[in-house]
Structure formats: structure tokens, C-alpha cells
Amino acid sequence: MRDLAQRVSALEAELHKEQRVTTTEVATLRPAVLVGPAADVRSSVESVSSSSVAATIPSSTIVNTQSTPAPISPVASVLPTQLPGGATLNYTFDGYYDYDFNHPIGRVQYLRAYDVLSNAFSINQADVVFALDPDVAAGRRYGVRLDLQFGQATETLQGSPQNEPRPDIYRNIFQVYGTYVVPLGKGLTVDVGKWASSLGIEGNYTKDQVNYSRSFFFNYLPFYHAGVRTSYKVNDKLAVNYWLVNGTDQSEPTNSFKDELFGFTAQPAKSVLWNFNYYLGQDHPDAAPATNCNAPVQPGLCLQAITPAPDGKQHIFDSYVTWNATPKLALSLEGDYLISREWAKAAPGESSAPSHVDGGAAYARYQLTPKMALGGRTEYLSDRGGLFSGTTQALKEFTGTYEYKFGDGFLTRVEYRRDWSNVPYFLTNKPGMLSSSQPTLTVGMVWWVGGKQGAW
């Protein structure tokens, strides 16, 4: 009995020793889960939890995945998105393939802002955005924004010799401005620099639009302005805006007149957002390039006065409203009226006859599933005097878009669009023969990654 009791005691001691060793090994191995940066672990967990596949993975597998973090996307690991102090870096690439059923000469599509080429794989734009937004609650009243842009959209948006004395200087700077929130009432926001125009409902970044292509009015209304803009929040439902700028699409002015904008943004209900803008401008140049300057000047600044210089004004009335009818359905409506004169008063050889552009666009977007959406746009633009197209005509278009979002940061859009006019205007494959319509089919793909939330 004594021998048996000793053997039992020995076995119990051995068993306790093995349990202590096992416990020590587990305690030693647990911290290995946190070997990588905390952000990498968080990214791995979020990538699993956000995937529908996660619901079918046994819990033991998920534990193993967390213990051995899944490889991080090369883009997410290489490109910095969050910077110290609350600033973000953001990146996007936007490309497309377009097929024009008219087979136009040179593959050129008329009146398109971005999808300008047919039967070609095209780079619409590539952008890098640095953004530091003001955060009054955290004690930071200042901010700064810089958008660098490259690709076909740059040629459309940035600097034409007709509007810019020295367009190449600013060609790749889509936006750059500094912000300060003045402690006045509910806040007076002041921006100084160059920014994308808010005339018209559509914007530059495709991921934030209903359709892939842009409307006639986006193509015609100003793309950008340089100067000072202010916005004052009257209350939670109303903000008023005022700008003082060089001109339309002018980083540097072509005359001494400063354009102005007066507008407001109202939210009468949670589901309704309404914008109204009145813009007063004078965009006729008062000087022309010259080559006879004696004093040293920077390239492009040798000018001679135009006498007399046209002094006619341009008036733009622009309004658009968006209604989120349901959580899945959003409806928008835009209306625009523009009147322009070359001369303020009629005189011999100086006509003050006005040219007009007016019309509007209607939009609808329906979210079928979290990954799929349908978008539609119909538009009418009356171009009396050829201000937009160079020809007096009535332009119409319809666009239908199917969107599939593969994941946060990557979407594709398949789009059918038909432009048509009351006169033959669009290119065909036969020299000298124009068509009254321009039907196209487009596949666009957009990638983006960054720390900035919401619309860019």
C-alpha cells in the first residue's frame, strides 16, 4: 500500500509539472498575436468581419486567422493615408474604355468633358489629395487642401490659353487652398486659393457622382476659380456664401474685373438639400500676348493692352436640389440660365446682343444592393449663340448607368449614353458628314484609397 501511494503521489507531481509548463508556454505565445502594428491587426480583423464569407468560417478558423494576421494589401501597406495631426493622404485612379457607334474620325467625341476618346483604353485621371480639415472642437481653426491631378481630365479642366495667360504653371494643381474658421456666430469659413467650382451639381471625382460621364452643363459651367470664398452658417438649416475671384477657369486673371458669387445652401428637411447661386462675371481679356517688352519679365507676362477692351458681363443663375426619397432612392434636379454680352452698351462695331445658355438636368439613383446601383440622367441644353458648342442648337442626352462596387475602394460602371441635337453636329467616320446623334457605350473603373471619409 505504501508503494502504491508513493507511485500515485509521483504521478500527480508529474501531472502538475506538465500543466505548469503548458500554461507557461501558452502565456509566452499569446503576445505573438500583437507582433505586427496595431493598425495591421485591425485591418485584418475588419477585412474578415466585413466579408460575407466570415459568416461561413468556423470560429476556430477565425481565431487562427487573428493569431497569424492575413497579408495586408500591398496598396494599404505601401501608401500612407493617415498623417500626424489629423491630415489625410488620398489616392485615386480612374480609367475607361468607350465605344462610339458613329466610329468618329480620330476617335474624338464631341461635348464630352472626360470620356473624350472612343475605341481606346484611356486614363481619365489620377489624383493625389492632401487634406487637413479644420477641427474647431479640437482647437484647430485652420486647414489646407491640395489636389494634384494627371490624365485626360487635366487637359479638360486645367487651363486653356484662351482663359489663362500662363496655363502650364497651374496645370496639375486641381485645387489648393487654405482655410480658417473665424469665431463669428456659428462660424465664418474663409478659403483662399484655388478650388473646384460649385456651380452645377456634378463634381470632379467619379466615385461621388451618379454616372460615369459628365453632363453638358458640367462641361460648360466653370470648372474652377481662384480668389477668396466665404461661407457663414446662419443656423442648422441655412448657410450663405460669397466669393470674390479672378474669373471663370482663371488661376491668373485676364482682366482687372473681379467676379462675384452670391448663394446659399439650405436644408429645409433632413432628406432635402437645396443650393442656389448667382454669379456675376466679366471674362473678356483686356490684354494680349506681346513680344516687344523691354523690361525683364517672367515668361508669358509680356502683354499689350486691347483698346477698347470688351466690357460685357456674364450672369449665371444656377440651382440644384437633392431629395433622398427613401434610404435607397435619391432624386436630383438642376436648372441653369446664363446670359452673356461682349459689350455692355451697343456702339458702332460693338454689339450688346446677348447670347443665352439655359436648360437643366434630372438625376435618379437607386441602390439595388450594398454592391449594386442604377443611375440615370436626362438633360436639355439650349445653346443660343453657340456659347457652349459653337453652334446654335438644342442639345439633349440620356444616360443610364449600372454600378457594381467590388469593395470599399473599387467600383466599375457600365454606361449607355445617347446625345442628340436638332442639327447635324457630331462626327462620323465619313469626312464632312455629321450626325444629329452620338450613341456610346462605356466601361469605367475607379480605384481609390485614403483616410478622407465621404465625398472628396
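Three cavities of 30 Å³ or more are found inside the structure, which is a predicted model in which local features need pLDDT of at least 70, side-chain atom pairs count only at pLDDT 80 or more, and totals for chains, interfaces and linings use all residues. Residues are numbered from 1 along each chain as its sequence is written, and side-chain values use heavy atoms, with hydrogens and water left out. Rolling a probe the size of a water molecule over the atoms shows where empty space is left. Here a 1 Å grid over the protein atoms alone is used: a cavity is a set of points where a 1.4 Å probe fits but cannot get out, a pocket is an open set with protein on both sides within 12 Å along at least five of seven lines, and lining residues have an atom within 4 Å of a point. Grid points are joined across faces, edges and corners, and a volume is the space filled by probe spheres set on the points.

The largest cavity has a volume of about 40 Å³. Its lining is made up of Thr92, Asp94, Gln125, Asp127, Asn204, Tyr205, Thr206, Lys207 and Val446. Strand E1 (88-100) and strand E2 (120-132) each contribute at least two residues to this lining; helices (H or I, at least four residues) and strands (E, at least two) are DSSP runs, numbered from the N terminus. By class, two residues of the lining are nonpolar, four polar and three charged, where Ala, Val, Leu, Ile, Met, Phe, Trp, Tyr, Cys and Pro count as nonpolar, Asp, Glu, Lys and Arg as charged, and the others, Gly among them, as polar.

Turning to the open spaces, the second largest pocket has a volume of about 1,100 Å³. It is lined by 39 residues, and Gln162, Asn163, Tyr220, Asp249 and Leu387 are the ones nearest its centre. Helix H5 (152-157), helix H6 (216-220), strand E12 (314-324) and strand E13 (329-340) each supply at least two lining residues of this pocket, with H5 giving the most, three residues. The lining of the second largest pocket comprises 16 nonpolar, 15 polar and eight charged residues.

Now for the chain as a whole. The protein chain has six helices and 20 strands. Of its 456 residues, 38% count as buried, a word that means under 20% relative accessible area, with exposed being over 50% and partly exposed in between (1.4 Å probe, protein chains only). The accessible surface of the chain comes to about 24,300 Å², and 62% of this belongs to carbon and sulfur atoms; such areas come from the Shrake-Rupley method with a 1.4 Å probe, and for residues only the protein chains shown count as cover. Among contacts (heavy atoms within 4.5 Å) between residues at least 6 apart in sequence, 60% join residues at least 24 apart.

Charged side chains also pair up. A search of the whole structure finds 17 salt bridges, each being a side-chain nitrogen of Lys or Arg within 4 Å of a carboxyl oxygen of Asp or Glu. One joins arginine 229 to aspartate 191, with the closest N and O atoms 2.8 Å apart. This pair links distant parts of the chain, since arginine 229 is in strand E6 (residues 224-235) and aspartate 191 is in strand E5 (residues 188-196), 38 residues apart. Arginine 229 counts as buried because its relative accessibility is 16%, and aspartate 191 is buried because its relative accessible area is 8%.

Glutamate 397 and arginine 377 meet in another salt bridge (2.6 Å, N to O). Here too distant parts of the chain are linked: glutamate 397 is in strand E16 (residues 393-407) and arginine 377 in strand E15 (residues 372-384), 20 residues apart. Both of these residues, glutamate 397 and arginine 377, are buried. Aspartate 419 forms a salt bridge with arginine 417, at 2.7 Å between the closest N and O atoms, and both aspartate 419 and arginine 417 are buried. A network of salt bridges links Arg112, Asp115, Glu202, Arg377, Glu397, Arg417 and Asp419.

Beyond its neighbours within four places in sequence, serine 437 is in contact with Asn102, Arg418, Asp419, Trp420 and Phe426. Serine 437 belongs to strand E20 (residues 437-450) and is buried because its relative accessible area is 15%.
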